[in-house]
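Reader: I'm new to this one and would like a quick tour. Could you take me through it bit by bit?

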Amino acid sequence: MLFVPEDFIRKIVKFPTVLRAVEGAFVALDGGKSKIFEVVRGSGSDPSHFFGIKAALDGSTGSVGVKAGSYHPANLKHGRPSHTSTTLLVNDETAELCAVVEANYLNGLRTSAANAAAAKFLARPDSETLSVIGSGSQALFEMAALTSVLDFKTILVGGRDALKTRTFAKLASTQLKCKVEAVSIEEAARKGDVIALVTSATEPVIETAWISAGTHIAAMGADNVGKQELPEGLITDTLWFVDFPEQAVVIGETQHAFKAGLTSMADLQDATLGALLSGRAKGRTDDRSITVFDSSGTAVQDIAAAAAAFHAYRELPRSNLALDKKKKPSQTCRING
């Protein structure tokens, strides 16, 4: 069993590697080679300290995996991360524990990878303006991921807190080595050809009237019951896709439209990222449709990303691994690269 540390992942694991892994995971899911299990949710002694466990069999890697994630907003006051994630990889054939992977940074990569993959099919190829609404750590991942698959000329960030939004814009400009402009949420929504919603909101943060024809929306903030970033009625006037229907209607953005009877499981079965990637479903077919991708975050993403990190780690020179130099790593735990 290997322990794959966070510092290694930050230095070695690059976004294109995770993007390929996540795309492969969704293709396998669409092909019936994977199984996603029900999400387990709970809280600590502080009700705002949220825990979630996501698990699945990922056919693209031959692994059963479990990701334990935590959201503890009080950590920010003490200079600690508000989100933590750890993924365990188990060989499907032998039930042997292969790796424990620190997944804080990896979680940001795998989330943004799904949105980037969807944007290839749902955003207009000539999209010029990327608008990101939200200024947390995930917003930076989304900017980097979406700019890697589309050639934007302008990047905007919108938020309720003007000072926080300007501070984030400066940070993003430095990190991405391009100009990021801070604007209001409404201006960001009205000007964006692609809008990435990266908030923890429990009610819509943008209005339907602000969205122009031809816009693509990546909605990834809703990952728990009650979270919401879009008006639920928007689903009736858009091409709406999800990562995993059974999960999206419970904890994703789609939960609100589903409860209102505006969509059904039958409507969503072929409207998935896996169907887009495998060619079973068509994405954007014209320049005027509004498209939406509900990214609730799935366990197969976690497993595929962790497997990519595990594979990279075990390829390091033997002297860099915490293993007995006389003992070769178990071949039964090899995960597909």
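This is a predicted model: local features need pLDDT of at least 70, side-chain atom pairs count only at pLDDT 80 or more; totals for chains, interfaces and linings use all residues.

Reader: What accessible area does the nonpolar patch on the surface have together?

Author: The patch is formed by M1, V40, I53, V66, L88 and L97. One of them, L97, sits in strand 7. Put together, the residues of the patch come to about 480 Å².

Reader: Is L97 buried, partly exposed or exposed?

Author: Buried means under 20% relative accessible area, and exposed means over 50%. L97 has 33%, so it counts as partly exposed.

Reader: Which element gives the largest share of the largest nonpolar core?

Author: That core has 50 residues, and V13 is among those with the most contacts inside it. V13 touches F8, V18, Y105, L106, L109 and A309, leaving aside residues up to four places away in sequence. Elements giving two or more residues to the core include helix 2 (15-30), helix 3 (104-122) and helix 11 (299-314). The largest share, 11 residues, comes from helix 11.

Reader: Which residue just after helix 2 takes a positive phi?

Author: Within helix 2, the buried residues include F15, V18 and L29. Just after the helix, a phi of about 80 degrees belongs to G32.

Notes. Residues are numbered from 1 along each chain as its sequence is written. Side-chain values use heavy atoms; hydrogens and water are left out. A nonpolar core is a set of buried Ala, Val, Leu, Ile, Met, Phe, Trp, Tyr and Cys residues joined through side-chain atoms within 4.5 Å. Buried means under 20% relative accessible area, exposed over 50%, partly exposed in between (1.4 Å probe, protein chains only). Helices (H or I, at least four residues) and strands (E, at least two) are DSSP runs, numbered from the N terminus. Contact means heavy atoms within 4.5 Å. Patches are made of residues with over 30% relative accessible area and no salt bridge: like charges are joined within 9 Å, nonpolar side chains (Val, Leu, Ile, Met, Phe, Trp, Tyr) within 5 Å. Accessible areas come from the Shrake-Rupley method with a 1.4 Å probe; for residues, only the protein chains shown count as cover. A salt bridge is a side-chain nitrogen of Lys or Arg within 4 Å of a carboxyl oxygen of Asp or Glu.
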